[in-house]
Every structure is written in structure tokens, then in C-alpha cells.
Amino acid sequence: MIAALAGGVGAARFLRGLLEVCEPADVTAVVNTGDDVVLHGLHISPDIDTVTYTLAQAINPETGWGLAGETWTVMDALERYGGLTWFRLGDKDLATHLYRTQRLADGATLTEVTADIASAWALSLRVLPMSDERVETRLDVEGEGELGLQDYFVRRRHDVAVKAVRYAGVELARPAPGVLDAISAASRVVICPSNPILSIAPVVAVPGVEEALRARRDDVVAISPIVAGAALKGPADRLMKELGLESTVVGVARFYAPLAGTLVVDDADADLSAAVEAEGVRCVVAPTVMRGVAEAAALARVVLEA
Ligand code: FO1
């Protein structure tokens with residue numbers, strides 16, 4: 001059994017490779033829901049949907065989120081009213097949010113709805129939200145006060161200075177059913193190459209998850225989302241610096257050291273291997289940039305053999 005802590009695009013690409021090299025039914029992805037947002041009265045779970053659509057090979061290849069072959073009739077019509085259109089929801093993608101929202105209103109849990117959506121896309125791995133309770137990643141932004149994740153990420157294009165990040169509601173949240181068991185039972189726990197602060201830390205902050213990971217530290221392998229000092233996608237490098245962390249694989253090693261016994265870093269960072277190990281984390285050097293499924297599968301093999 002393999003458990004993987006996952007955010008959005010980077011995690012989804014890695015998982016796609018993982019499913020090539022192991023039995024999908026043996027994989028549980030525990031996905032960040034700190035990015036979830038309610039817009040137009042709809043419950044949107046971007047990271048869960050990015051993982052689901054990517055593994056279903058239905059993801060929009062240009063954006064890395066949303067569905068391939070999307071149309072935008074609803075967004076265009078909404079523009080007439082001056083409605084909220086900065087967060088683009090395609091016509092097909094909207095069906096997912098309508099379905100999720102109605103099921104939640106009918107009393108289903110996010111775990112149940114997520115499983116049903118994954119099954120509708122014929123996925124055999126288990127996709128779990130980190131929690132069924134609402135946890136909101138909130139960013140304290142210079143001169144603006146607190147913003148929700150999507151407001152920061154999409155509306156402000158993560159181009160504003162962040163002073164602090166918190167995961168609102170996390171103290172009262174419980175891990176979704178199956179999360180702690182998946183971590184305990186796994187032969188390998190993977191921390192996917194996702195933003196450590198915005199994607200992985202919210203999962204770890206859910207009460208009980210950090211303890212479960214610490215107990216499995218020798219079997220926890222993290223993949224650095226930072227390559228040669230920069231994030232492959234998104235604001236991880238900038239955010240790490242703003243929050244006083246070093247935006248290198250050494251900073252990633254320091255951040256994950258309590259939880260992960262091993263860090264996989266890219267070939268480009270081979271010269272930092274000793275500095276990573278000085279943080280008390282075993283360092284494995286391999287190609288980590290995934291341009292396609294073959295590279296993702298090769299990286300997954302490295303992680304399983306690490
Ligand atoms: N990202 C954008 O940059 N612009 C968008 O309009 C946008 C819409 C969107 C709709 C559904 C969805 O599942 C994801 C969407 N994303 C969009 C991606 C998302 O904001 C972020 O990539 C993640 O939340 C960060 O992991």
C-alpha cells in the first residue's frame with residue numbers, strides 16, 4: 001500500500017506516473033482541501049479535481065486545471081451581469097461543482113462525494129480529502145489583511161507579499177475516514193512535489209496527521225518542488241522566502257525533516273546533497289522534472305526504491 005500527500009498540479013503529474021508502476025488499487029491519495037472555495041454557492045475543491053481529472057486523463061493540458069475541451073458559455077453569460085468571473089469555471093467543470101454541492105447539501109460527506117466522483121471517472125486509486133471538515137488556507141498579505149487562497153492565488157496572481165499563513169478551522173478538523181489508516185498501513189508514504197506551505201502543510205496540520213507521519217518517518221519520502229532554487233510552478237519559492245525559509249532543497253529538507261526520512265532532489269541540486277543530509281534527511285538525487293508520463297513513472301520508481 002502507498003499513501004501520497006497531494007496538492008494540485010505537481011502532485012497530480014507524479015500520481016499519474018505512480019499509477020503506471022504500481023497497482024492503482026494499492027494507492028491512496030490524501031488531498032489538500034485548504035484551497036477549497038465556495039463561489040456562486042458551489043463547493044469547489046480545486047486540488048481534488050486536478051488530481052481526479054489528471055488521473056482520468058481529462059485534464060486541460062494548457063492550464064493544468066479544469067477539463068480538456070472546455071467551453072465557457074456560463075462564464076461569458078455571467079459577465080453580462082458583472083458576476084464573479086475571475087475564477088474561471090468551465091461548463092463541463094461546473095457539473096462537478098453542481099454535483100458535489102448538491103450531494104453535500106443532501107448530507108453526504110466530502111469523502112463520499114470525492115469517492116463517487118473518482119469512481120465516475122473510472123479511477124481505481126482511493127482519493128481522500130484531508131478532512132471532511134472545512135479548513136481554509138488564509139494568507140496575511142502586506143497592506144491588505146487576510147485573503148483566501150484563491151483570492152491570493154488567482155485574483156492577485158500570487159504577486160503580493162505574504163506575512164503569514166494559517167489554516168483556519170484546522171484545530172477542530174478531523175482527518176477524513178481512512179487517512180490515518182492509509183498512512184499507518186502504507187509501505188511507503190510519499191509527500192508529492194507540491195507547495196510545502198500551501199498544499200502539504202494544511203494536510204499535516206489536520207490533528208493526528210503529523211503524529212502519524214512522524215511514526216512512519218523512515219518510510220516517508222518527500223519530493224522537492226524546488227529545483228535549483230525555484231518552484232517549477234506557482235509561488236512556493238517566493239512564499240518560502242517571505243516566511244523566512246530558505247527557498248532551496250536545503251530549506252525543503254529542513255521543513256520536512258521532522259516527517260520525512262528521505263528527500264528526492266533534482267539532478268540540478270546534486271551539489272546540495274551533503275547540505276540536505278546535514279539536516280538529518282537522506283538525499284536521493286534523480287530527475288524530478290516531469291514533462292510527461294514516462295518521466296513521472298521514472299520518478300515514481302525512484303521514490304518506491306528509495
Ligand atoms: N487557476 C487560475 O489561475 N485561474 C482560474 O481561473 C482557475 C480556475 C479554476 C477552476 C477550477 C479548478 O479546479 C481550479 C482552478 N484554478 C484556476 C486552479 C487553482 O486555483 C489553483 O491552481 C490551485 O488551487 C492551487 O493548487
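Colleague: Which domains each give at least three residues to the shell around the ligand?
Modeller: This is a predicted model, in which local features need pLDDT of at least 70, side-chain atom pairs count only at pLDDT 80 or more, and totals for chains, interfaces and linings use all residues. Residues are numbered from 1 along each chain as its sequence is written, and side-chain values use heavy atoms, leaving out hydrogens and water. With bounds from an automatic or database assignment, the domains are domain 1 (2–135 + 171–305) and domain 2 (136–170).

Colleague: Which helix supplies the largest share of the shell?
Modeller: Helices are DSSP runs of H or I, at least four residues, numbered from the N terminus. At least two shell residues come from each of α2 (46–55) and α6 (149–155). The largest share, three residues, belongs to α6.

Colleague: Which residue has a side-chain N or O atom 2.6 Å from an oxygen atom of the ligand?
Modeller: A polar contact here pairs N or O atoms within 3.5 Å. The side chain of Trp65 makes one at 3.2 Å to a ligand nitrogen, and the backbone of Arg88 makes one at 2.8 Å to a ligand oxygen. The 2.6 Å pair involves Gln150.

Colleague: How much of the ligand's accessible area does the protein cover?
Modeller: Accessible area comes from the Shrake-Rupley method with a 1.4 Å probe. On its own the ligand has 530 Å², and the protein covers 87%.

How values were computed: Polar contact = N/O pair within 3.5 Å; in protein donor to acceptor, adjacent residues only side chain to side chain.
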